[in-house]
Amino acid sequence: MLRIEELTFAYPGQTTPYVFSFEAAPGEITAISGTSGSGKSTLLDLIAGFLQPTAGSINLDGADILPLAPEQRPVSLLLQSESLFEHLRTDRNVRLGLPPCTRQAEASRRVDQALDEVGLQGLQSQIAGTLSGGQKQRVALARTLLRDRPVLLLDEPFSALDDDTRATIRDLVQTLTLRHNWHTILVSHHADDVDALANRRYLLVDRRLQPA
């Protein structure tokens, strides 16, 4: 279980801090909703380690991950933009999820396996910039698979996709969350994404989370 307790943060000049408390279970998708500027992305940045709270805790299965640097945290982040290197081949983008010391044969096997799992068989050599929006998000998910981290943070990951592609990628995220027992946290202002995916729902009101 991922437990966030009284995680407190304020930007310079902000008189009332954000205070976040919630739980996210493995194999489930926890949705965080709220108006623009309510603090949704701030929460994800705190969990990822990009911002440092003034108080509170982040506990994963009994371990305190708050002291860990961003690169050491058991967290992957998937954004609205896929953060791919458009000039690189698909397989090279996916391989970035592996440690640099991974041997070539092992890396190729695991990249092929991840691409197969997200439905991109045979596209290893295609340049990332030539892929569709949905295919790019699949590449980003394949890279996430290779990182093999138990917490997946989704920051408006479907907003740039058309309706049919959004539904397909949502289904894929749900399947991967169950299959790999991820604690998936979805930030979205799209009610249909939340309705389709959320096992647990929280709403940000006045800089605090409440069950929705």
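Okay, let's start with Ser-83, which you'll find in the loop between strand E6 (75-79) and helix H2 (90-95). Keep in mind that this is a predicted model. So is Ser-83 buried, exposed or partly exposed? Its relative accessibility comes out at 42%, so we call Ser-83 partly exposed. If you go 27 residues along the chain from Ser-83, you get to Arg-110, and the C-alpha atoms of those two are 20 Å apart.

H3 covers residues 104-117 and H4 covers 133-147; their axes sit 9 Å apart, at an angle of about 130 degrees. That angle makes H3 oblique to H4. The crossing is a right-handed one. On the H3 side, the contact is made by Arg-110, Val-111, Ala-114, Leu-115 and Glu-117, and on the H4 side by Ala-142, Leu-145 and Leu-146. Sort those by class and you get six nonpolar residues, two charged ones and no polar ones.

Now, what about H4 and H5? H5 is the helix at residues 163-180, and its axis comes within 10 Å of the H4 axis, crossing at roughly 10 degrees. So H4 is roughly parallel to H5. Here H4 brings Gly-134, Gln-137, Arg-138, Leu-141 and Leu-145, while H5 brings Thr-165, Thr-168, Ile-169, Leu-172, Val-173, Leu-176 and His-180. This contact has six nonpolar, five polar and one charged residues.

Conventions:
Residues are numbered from 1 along each chain as its sequence is written. This is a predicted model: local features need pLDDT of at least 70, side-chain atom pairs count only at pLDDT 80 or more; totals for chains, interfaces and linings use all residues. Side-chain values use heavy atoms; hydrogens and water are left out. Axes are lines fitted to C-alpha atoms, for helices over the stretch in contact, and angles run from 0 to 180 degrees between N-to-C directions. Helices (H or I, at least four residues) and strands (E, at least two) are DSSP runs, numbered from the N terminus. Angles under 35 degrees count as roughly parallel, over 145 as roughly antiparallel, 65 to 115 as roughly perpendicular and the rest as oblique. A crossing is left-handed if the near helix is turned anticlockwise from the far one by less than a right angle, and right-handed if clockwise. Contact means heavy atoms within 4.5 Å. Ala, Val, Leu, Ile, Met, Phe, Trp, Tyr, Cys and Pro count as nonpolar, Asp, Glu, Lys and Arg as charged, and the others, Gly among them, as polar. Buried means under 20% relative accessible area, exposed over 50%, partly exposed in between (1.4 Å probe, protein chains only).
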